[in-house]
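Please read them with the structure open beside you.

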Amino acid sequence: MNGLLASAGIAGFVLGAVLTHLEARRRTARARRRRREGKQVLREFQAMVESANDAMLLMEGARIVECNSAALRMFGLTRSELLGAHPADLSPEFQPDGQSSMALSSRNIERTLAGEVQRILWQHVRSGGERFMAEVALAPAMDAGPGTAPRFVAVLRDVTDTLRASEAMQASEQRFRQLFELAPIPMVLTSADGRLMAINRQWTQVLGYGPEEVPDMAAWWRLAYPDAAYRAAVKAMWDKAIERVVHQGGELMPAVFRVQCKDGQSRDMRVGGARIGDNVLTSFYDVTEQRAAQAALQGLNANLEARVTERTQA
């Protein structure tokens, strides 16, 4: 009996040892698999960073400790030249707003290390001295563990061409606004769907109406063409012309319309225009005196012809 119990105890011990060994092997296999998977993820992440178009810098304190190839291309430096540099070393002495690059970059670094995520515009300098503007995103990095200095990541994108294009567009828009406002003839800018976008100074001076009196084209139709039948005819011509310009481009063919001004006078205006982007620019040229002179000349010619006829018949 004692022998059977001893044998059972030994068998149980052996079985427990075997199970323990198998479990240890499974744990070891799982750990190895996790390490392999972790290394694979790390390799993929490194490949992603290395192939990125944006420059990426790993900062430790105020110094660059790692970078990708895009950063080397952006600054025109070798890895050994870039690593260890301070952001101010890659910048002009002063930023465009007049602030010291060293002082301002130090404040940005302090805020980032304190946990603040930032996005800023920053002027840098390439190795050859060329200045360029970059959009810079700053974010704290994961804690590398006890005994390591705090780190953060900087991602830089060269936006020099984008800013230049934006500045050129703004300058062009400013010139257009000046030309529009100072034009010697009345002009109005409307949207394709009939919304009144802007009127110039001459439009108000000649016609008398201000923006508060003509908030939209519907108000303009009522004020400028009080006669309902004439208004309907003019609007039908206008709508047809606008539809052609919007869908086919080109210019509004000039046409003369009788427009009533704010003071109650009616003036003959030659109205024409063209599509400007998504809007329509319309000009009004006063031909009242010209048409009056033409009518007077025609009357004079008719009178002379009548006199000649009378003398011929006499």
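**Notes on the model**

1. Begin with one residue. R151 has a relative accessibility of 30%, so this arginine is classed as partly exposed. Keep in mind throughout that the model is predicted.

2. Which residue does the side chain of R151 meet in a salt bridge? The partner is E60, with a distance of 2.9 Å from N to O. The two residues come from distant parts of the chain: R151 belongs to strand β5 (residues 151-158) and E60 to strand β1 (residues 55-60), and they are 91 residues apart. E60 has a relative accessible area of 28%, so E60 is partly exposed.

3. A salt bridge also joins R119 and E135, whose closest N and O atoms are 3.7 Å apart. Here R119 sits in strand β3 (residues 118-125) and E135 in strand β4 (residues 131-140), 16 residues apart, and the pair again links distant parts of the chain. Are these two residues buried, partly exposed or exposed? R119 reaches 61% relative accessibility and therefore counts as exposed, because the cut-off for that class is over 50%. E135, at 28%, is partly exposed.

4. The salt bridge between E213 and K262 has its closest N and O atoms 2.5 Å apart. This pair lies in loops: E213 is in the loop between α6 (201-207) and α7 (217-224), while K262 is in the loop between β8 (251-260) and β9 (266-276). The two residues are 49 residues apart and link distant parts of the chain. Both are partly exposed, E213 at 25% relative accessibility and K262 with a relative accessible area of 48%.

5. Salt bridges can also share partners. In this model, R126, E130 and D158 are joined in that way into one network. How many salt bridges are found in the whole structure? The search gives 12.

6. Next, the cysteines. A disulfide is a covalent bond between the sulfur atoms of two cysteines. The structure has 0 disulfides. C67 has a relative accessible area of 7%, so C67 is buried. C261 is buried as well, with a relative accessible area of 4%.

7. Is Q123 buried or exposed? Its relative accessibility is 13%, and because buried means under 20%, Q123 counts as buried. The side chains of Q123 and R131 are joined by a polar contact of 3.4 Å. Leaving out residues up to four places away in sequence, Q123 touches S91, P92, F94, Q95, P96, R131, F132 and M133.

8. Last, the chain as a whole. There are 9 helices and 10 strands in its secondary structure. Of the 314 residues in the chain, 29% are buried. Among contacts between residues at least 6 apart in sequence, 37% join residues at least 24 apart. The accessible surface of the chain is about 20100 Å², and carbon and sulfur atoms account for 57% of that surface.

Notes: Residues numbered from 1 in each chain as written. Predicted model: local features only at pLDDT ≥ 70, side-chain atom pairs only at ≥ 80, totals over all residues. Heavy atoms only, no water. Helix = DSSP H or I, 4+ residues; strand = E, 2+ residues; numbered from the N terminus. Buried < 20%, exposed > 50% of the residue type's maximum accessible area, 1.4 Å probe, protein only. Contact = heavy atoms within 4.5 Å. Areas by Shrake-Rupley, 256 points an atom, 1.4 Å probe, with all protein chains shown as cover. Salt bridge = Lys/Arg side-chain N within 4 Å of Asp/Glu carboxyl O. Disulfide = S-S within 2.5 Å. Polar contact = N/O pair within 3.5 Å; in protein donor to acceptor, adjacent residues only side chain to side chain.
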